[in-house]
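Here are my notes on this model. Please read them with the coordinates open.

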Amino acid sequence: MRIQPPDPKNYRRLQNLPADEAIRCYLEGEFTIGEETALFESVYKGMSLTIGKDLTGDILAECMLDEVSVEECKRRLISGTIKYKS
């Protein structure tokens with residue numbers, strides 16, 4: 001995962017990404033600490049999810065750990081399920 005130096009303008013940019021691009025950025029780690037919430041917001045808004053922002057973040061984190069594709073991540077977000085690994 002590549003960690004970029006903080007950029008005060010980046011949070012706003014991430015907030016306005018289309019959902020697919022926000023998911024890709026999250027899965028590839030293209031954000032700095034504290035910017036993940038901007039990506040959660042983009043995904044939540046762009047996909048019109050009803051699962052809640054906390055669960056959205058949990059599913060995105062699990063997808064990152066599982067190294068799944070954007071499409072698989074979207075399927076998990078739509079189904080609203082999380083499968084914590086033991």
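1. Where does L65 sit? L65 belongs to helix α4, residues 53–66. The side of the question that matters next is exposure. L65 has a relative accessible area of 67% and is therefore exposed (over 50%; buried is under 20%, partly exposed is in between; 1.4 Å probe, protein chains only). Its C-alpha lies 8.4 Å from that of L27, a residue 38 places away along the chain.

2. Basis of the values. This is a predicted model, in which local features need pLDDT of at least 70 and side-chain atom pairs count only at pLDDT 80 or more, while totals for chains, interfaces and linings use all residues. Residues are numbered from 1 along each chain as its sequence is written, and side-chain values use heavy atoms, with hydrogens and water left out.

3. Overall fold. The protein has five helices and zero strands, in the order α-α-α-α-α. Helices (H or I, at least four residues) and strands (E, at least two) are DSSP runs, numbered from the N terminus. Of the 86 residues, 40% are buried. Take the contacts (heavy atoms within 4.5 Å) between residues at least 6 apart in sequence: 55% of them join residues at least 24 apart.

4. Please look at E35. E35 lies in the loop between α2 (19–27) and α3 (36–47). E35 is buried and has no salt bridge (a side-chain nitrogen of Lys or Arg within 4 Å of a carboxyl oxygen of Asp or Glu). The nearest side chain of opposite charge is R13, 6.5 Å away. Here Lys and Arg count as positive, Asp and Glu as negative; His and the chain ends are not counted.

5. What does the E35 side chain reach? The E35 side chain comes to 2.8 Å from the backbone nitrogen of T32. With the side chain of N10, the E35 side chain makes a polar contact at 3.1 Å (N or O atoms within 3.5 Å; within protein, one able to donate a hydrogen and the other to accept it; residues adjacent in sequence count only if both atoms are side-chain atoms). Leaving out residues up to four places away in sequence, E35 touches D7, N10, Y11 and L14.

6. Helix α3. Its 12 residues reach 16 Å from first C-alpha to last, close to the expected 16 Å (1.5 Å times one less than the number of residues). Buried here are A38, L39, F40, S42, V43 and M47. These buried residues pack against α1 (10–15), α2, α4 and α5 (70–79). After α3 comes S48, with a positive phi near 50 degrees.
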